[in-house]
Amino acid sequence: SDSTSESAMPQVERLLAISRVALCGGGRNHSLSGGPKHVKQEHKHSHDIQEETLNFLSLIGLLDYNPKAQEFYASSSISLLSQVSESDDSHHSHDYIIVEPNYIVSAYTSSPVLKAVLQYFSYPLHELPNLYRTVITQESLRAAFDRGITAESII
């Protein structure tokens with residue numbers, strides 16, 4: 001099972017890079033300063049995978065990437081990456097997210113990508129096989145905003 005999860009890591013890292021770019025939105029510069037500080041970098045090549053993904057997105061015209069400055073400028077069409085067509089049945093899932101009045105987020109999912117996306121603006125609390133709970137704090141939101149993620153993207 002470890003070899004299966006290790007072989008899936010590059011794909012997850014690529015999806016995380018794409019989701020981060022899509023969450024940032026287009027029309028302005030964004031910094032790559034590290035990602036969420038509370039997320040463990042378990043895969044030693046995650047930076048290389050992120051850079052490879054950003055270079056590819058730059059090649060196809062979705063963003064301009066400056067590796068020396070660790071910045072990217074996303075075009076307005078980048079938001080298309082995060083949209084799902086309602087008529088496409090292949091994207092329907094049984095994943096649910098509930099945000100409680102005390103800012104606890106309960107994500108009923110087993111997707112490592114959805115769990116990682118939540119970590120961009122909230123702190124992990126508990127993880128069960130099909131339940132991932134996080135909490136949204138002022139600090140976690142401030143860190144997300146500093147990375148260029150907008151409130152509209154979070155909502």
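A residue counts as buried under 20% relative accessible area, as exposed over 50%, and as partly exposed in between. The model described here is predicted.

**Nonpolar patch**

Ile60 has a relative accessible area of 46%, so Ile60 is partly exposed. Ile60 sits in the loop between helix H2 (46-59) and strand E2 (63-66). Together with Phe56 and Leu59, Ile60 makes a nonpolar surface patch of about 340 Å².

**Salt bridges**

Side chains of opposite charge can pair when their charged atoms come close. The structure holds 2 salt bridges. In one of them, the side chains of Arg133 and Glu100 meet, with an N to O distance of 3.4 Å. This pair links distant parts of the chain, 33 residues apart: Arg133 belongs to strand E7 (residues 131-135), and Glu100 to the loop between strand E4 (96-99) and strand E5 (104-108).

Glu127 forms a salt bridge with Lys115, and their closest N and O atoms are 2.9 Å apart. This pair also links distant parts of the chain, with Glu127 in strand E6 (residues 123-128) and Lys115 in helix H3 (residues 112-118), 12 residues apart.

| Residue | Relative accessibility | Class |
|---|---|---|
| Arg133 | 23% | partly exposed |
| Glu100 | 25% | partly exposed |
| Glu127 | 51% | exposed |
| Lys115 | 10% | buried |

In the bridge between Glu127 and Lys115, Glu127 is exposed because its relative accessible area is 51%, whereas Lys115 is buried because its relative accessibility is 10%. In the bridge between Arg133 and Glu100, Arg133 is partly exposed and Glu100 is partly exposed.

Technical notes
Residues numbered from 1 in each chain as written. Predicted model: local features only at pLDDT ≥ 70, side-chain atom pairs only at ≥ 80, totals over all residues. Heavy atoms only, no water. Salt bridge = Lys/Arg side-chain N within 4 Å of Asp/Glu carboxyl O. Helix = DSSP H or I, 4+ residues; strand = E, 2+ residues; numbered from the N terminus. Buried < 20%, exposed > 50% of the residue type's maximum accessible area, 1.4 Å probe, protein only. Patch = residues over 30% accessible without salt bridge, like charges linked within 9 Å, V, L, I, M, F, W, Y side chains within 5 Å. Areas by Shrake-Rupley, 256 points an atom, 1.4 Å probe, with all protein chains shown as cover.
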